Amino acid sequence: MHSFIAYFAQRSFLARIITIMVLAIGIGAVSILKLQELPDIAFPEVTITTQYPGASAQDIELNITNKIEKELRSVQGVDRFTSESADGRSYINLELDESSDIAETVTKIQQAVDRVSDLPKDVTNPPLVERKNTATFEIFTFGVTSTGSDSELQAYSRSLEKQLRTLSGVGSVNMSGFREREFWIEVKPTKVSRYQLTFDDVINAVKNRNLSLSGGAVESWNNEQRIVTLTQVQGIEELQNTIIKVLPGGGLVRLGDIAKVSDSFEKATQLGVINGQPAILFQISKSASADIRATIANVEGLFSREEQRLDGQFQFLTSLNLGQDMDDKFKIVSTNGGVGLLLVLIVLSLILKRQIAFWVSVSIPFCVLGVMAILPALDMNLDSITLSAMLLVIGIIVDDSVIVAESIYQEKEQGASAIDAAVNGTTKVIKPILASLTTTALVFIPMLFIPGILGKAVAVIPITVIAALLFSLAECTLTLPAHLANSLSKADNKLNAKTSETLAHNKVVENTASFQVPTMIYRKILTHCLKWKRSVIVIAIGLLFFGGFLVSNLKIDLFPSESAKYIEIYTEVESGTPLDKIRLAHHELEQAISALPSNELVSYEITYSTPTSQGLISLTNAEQRERSAEQIIDSLNTQIKHINTINLVKFTVDAGGPPPGEPVEVRVIGNNKSDRDAAVIAVENWMQQRQGLDKITHSESLKDPQLQIIPQYEWLARYGLTVNDLATTLRIAFDGDSVTSTWIGDEEVSLRVIMDSESRTLEKLRNTKIYTASGLQIPLNRLAYVEAIQAPRLLQHFNGERQVIVTAQITDKSLEPNTITTELTTALQSQIAMGIRLDIGGEAEKTNETLTGFAVAFPAAILGIYFVLAIMFGSLLQPLLVMSVIPFASVAAMLALFIHFEPLSLFALIGILGMTGVVVNNSLVLINCINELKMQGYACFDAVLNAALSRLRPILLTSITTVAGLLPLAYGLGGTDVYMGPMSLTLGYGLLFSLPVVLIVIPCLYLTFIRPKSITE
């Protein structure tokens, strides 16, 4: 290793070429890296979606969900699955076992779904199997409004969607409030009866009129021509003239004679609103490899061209813009990084020579841009989590560079030549630096094995950290010694008029005079503490337990909402409320949102449907407003609490992480309906009596008013009819049936057969005619009873069993989801019937899953560190002394959160992990220095004292520079970031408050447990 370091230390030109090359390649890589909100991740989850328009939740559950779940039970590699059966849709979510072959499991799931062959005939599209990934996340949402008619807005939205799909970077486009074009054939029952027709006659005539068939080829001596029968409908006039029947007298019954044919749109099920204006809402997701900002720039460019072309007929109002969020994030990183780098330079310049301070500071862009250079090779892009990881390692990078620079500088102060100082100084600390880098890598490697979606998202952190550590090692061994040797050599040449002895003396005086006073004070304090070492250790342990007691009640919030800028809206109204009355019921809610001040509200959007509606409020950046998102929610809740037109309004803060679920969520699982309902009532009653909970509801609370048709099987048999005949006729009559479709240009238009509006009423239902095979018309009231019922609009399963999810919101901010759910399950354990179980879901489940991952990762990292240090020191006890700083530093970091009234978040935990590597580095180098002095013949007390004094300046330097670099981001001097702020706070303060432990407690511990008994003080 000595010759290797010497080789590069003597070649300063090569070192500068390497530095320039890394910086240049890194800058080039930054220009091609794709900017993303989250890493490209394929989650270990699969969804199965089946659309069945017009079907009830019960119909969906029996005929689709149950059949698919039956096949899924045989698939190996599925951890668990849940399902939702709602009106018109079946949705199944499968969480896969990450220890199995994910790709193979996904293939088996697709095969299982393909085996389901007896789905209803009306399900025209097969179940869609998709694997979840971050590319499906929305990056941009906007609304299109118009000064013209709704039909013009609908037609233009279809055209705009086609243009959007052609833009570079756009992966998918979804629309809310949009209705597909349809040709409506509204059949008049009286005229159908007059001509003795049936619905089947009408449907078959429409199908036969809309055909496109190939009849083969006709050959001749000269050529070959294709025979094509093309009768596709191109307009409503052709439909109106479609012949249904030829009368005995030769007259023709055309479709226009028995039905009203119109060019219309499908039934409205949604109404979009943005900033108070009716609109078609667009949700855009990017393709997997696209850059967020570039993709959104392409969309906004299209807006500009369209506004000019259409002269303001349509307006484009933005709701969600992640490109702007990423710009803000980069500004925060660059501004705070620039301020931090300046502070680092100032601190280094005050203690070290300017040339040394400069080359130490170069290590930061060297490592950061070095990582940027290899990200494309690792198939990674630049996202917010990768940026956070880079910020995390800046402290470690500076730490290693300062240790090497300080060691070289000390060698130079003792009179060594520039080259010898560079080689010997680096060689002296390379062993502990290697150990430190290894232990830091070991801290982060277990994060690769954190389970779940969150584990996949943070897996980029250890990859980024390890890459940065490798560049830091290269910089400390290849380039930094050469840079410093060259700088010190030039300084020597400028002062060659003096003797080397005088020069060395002057250097010591010049460069250490400013540090003599702190050194003398530290010597006195340390000498006194070493004499009373046991008392110091007892006091330190006491303070550790006291600090641990203070942070024991620290609130856990993986994704705190203080800096959040998005609020999700969910509302429920009375079931059966017509869509045209829904917005009127939300009038006061819209007024309250619109009244938010301009320094808080950017925009809002709501997609109205019956009986549930959803929306999003976009706020300004946290530093631009006085209130947090939570405080704004409290204000809105106060303003709308008197509204009686809405049954439930829930506001949820989107804090930037994976959806955590409801604050309090309990799954009541079991197939016995009466026992399950009793358990749901017991859970709801407990929640209502618990202080601090509000908006208590459950997944089956929403009921759909339904008319249940109870067949009279005897009469059906008498007329040769089946239940299917009954259901099909009623479905066509009241909901309509898309019997076929035609293409007009590149637009597919469905042809829907339905009864006319006058016949689609409750009064006419009982007299609806059911046609027999012989043409008889039998009224419905002779074949079946009609009974009005209330049925759940959402049915859920957990691993194939029925479940009901009971949820609640927390109004008392001091309460934690984990505490509440633990109290609930303990209190109700004896009240739940056999065969019914309560499972915890929502925020508490996600928190426990993440903390369990950290609870496994952190001890594994600690164990790995111990074995590395044991090999390095050849001792089982000394690694424990090195690692004794970890609990002190961890408690100090959490105390920083406690003092700043911050919760323990995911990135605060990651900051604590990163801090572990830095503080271990300081104590590692200190104890290594003590061992070296003992090997040189120093008594144990003198070795401890002299080693501590010699390491004082580098320890202070590494700690102060790291803290100086992080504090701007911790306090948001250049902008607040929800990820990086807590991480900087724990890393900075943990390192700062660990200084007394490294400088005082570690020497006392060493002297207590390592000092040979034969040596006296």
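In the hairpin of strands β25 and β26, which has 2 residues between the strands, G745 adopts a positive phi near 70°. The model is predicted: local features require pLDDT of at least 70 and side-chain atom pairs pLDDT 80 or more, while totals for chains, interfaces and linings use all residues. Residues are numbered from 1 along each chain as its sequence is written. Strands are DSSP runs of E with at least two residues, helices runs of H or I with at least four, numbered from the N terminus.

Strand β25 (residues 737-744) runs antiparallel to β26 and is joined to β26 by 7 bridges; pairing requires at least two DSSP bridges between two strands. S741 has S750 in β26 as its bridge partner. Strand β8 (residues 181-187) pairs with β26 in the parallel sense over 6 bridges, with I185 opposite V753. Of the 9 residues of β26 (residues 747-755), 8 are buried (under 20% relative accessible area, 1.4 Å probe, protein chains only).

The second largest pocket holds about 730 Å³ of space, the volume being that filled by probe spheres set on grid points joined across faces, edges and corners. A pocket is an open set of points on a 1 Å grid over the protein atoms alone, with protein on both sides within 12 Å along at least five of seven lines; lining residues have an atom within 4 Å of a point. The lining comprises 26 residues, with Q410, Q414, N946, L949 and S950 nearest the centre of the pocket. Two or more lining residues each come from α13 (384-413), α14 (418-444), α17 (500-531), α31 (906-935) and α32 (940-970).

Technical notes. Side-chain values use heavy atoms; hydrogens and water are left out. Buried means under 20% relative accessible area, exposed over 50%, partly exposed in between (1.4 Å probe, protein chains only). On a 1 Å grid over the protein atoms alone, a cavity is a set of points where a 1.4 Å probe fits but cannot get out, and a pocket is an open set with protein on both sides within 12 Å along at least five of seven lines; lining residues have an atom within 4 Å of a point.
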